[in-house]
Amino acid sequence: MAEEYTFPVLVELEESKTPRLKNKLVKYFQSKKSNGGDCEVDYESGSSTALLRFRREEDQKNVLGKKKHQISLDEGVLKMTVRLPSDGKQKEVRAKKWKLVNNLTHRQDSPPHKY
């Protein structure tokens, strides 16, 4: 079975109107610039926060230990703050993910409708 992404980090964004921000967050937090590693990113467009989940605890700790996180953009610099998430935020993201997976699984198992 594949390893789980179980080591969370909450990212608070200074600006949330950046196009394709989720892709930029993935690229940054999987790079050496962030001291990160293999991770998944939960981000909804326009939100001021994103939830990262790292595969390795060491990567999570390295990201949390770095003082400054920023992504250079054409329009300037996107500054970010990282911290451990509160239990409420983790539960909210888990519930959304479970609902999405459950909906996809249910659709695949359902026979086609006959009219």
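Guide: Let's start at Y28, which counts as buried because its relative accessibility is 6% (buried is under 20% relative accessible area, exposed over 50% and partly exposed in between, with a 1.4 Å probe and protein chains only). Before going on, a word on the ground rules. This is a predicted model, where local features need pLDDT of at least 70 and side-chain atom pairs count only at pLDDT 80 or more, while totals for chains, interfaces and linings use all residues. Residues are numbered from 1 along each chain as its sequence is written, and side-chain values use heavy atoms, with hydrogens and water left out.

The ring centres of Y28 and F29 are 4.8 Å apart and their planes sit at 85 degrees, so the pair is edge-to-face.

Now for H69. It lies in strand β4, residues 69-73 (helices, H or I of at least four residues, and strands, E of at least two, are DSSP runs numbered from the N terminus). With 2% relative accessibility, H69 is buried too. Its side chain makes a polar contact with the side chain of Y28 at 2.9 Å (N or O atoms within 3.5 Å; within protein, one able to donate a hydrogen and the other to accept it, and sequence-adjacent residues count only if both atoms are side-chain atoms). The H69 side chain also reaches the backbone oxygen of V63 at 2.9 Å. Beyond four places in sequence, H69 touches residues including F29, S34, L78 and M80 (heavy atoms within 4.5 Å).

How does β4 tie in? β4 and β5 pair antiparallel over five bridges (pairing takes at least two DSSP bridges), and they form a hairpin with two residues between them. In that pairing, I71 stands opposite L78 in β5. On β5 (residues 76-83), four bridges also join antiparallel β1 (residues 7-13), with L13 opposite M80.

That brings us to the largest nonpolar core, where V11, L13, L25, F29 and M80 touch the most other members of its 19 residues (buried Ala, Val, Leu, Ile, Met, Phe, Trp, Tyr and Cys joined through side-chain atoms within 4.5 Å). Helix α1 gives the largest share, four residues.

Terms used: Phe/Tyr/Trp six-rings, centres within 6.5 Å; stacked < 30°, edge-to-face > 60°.
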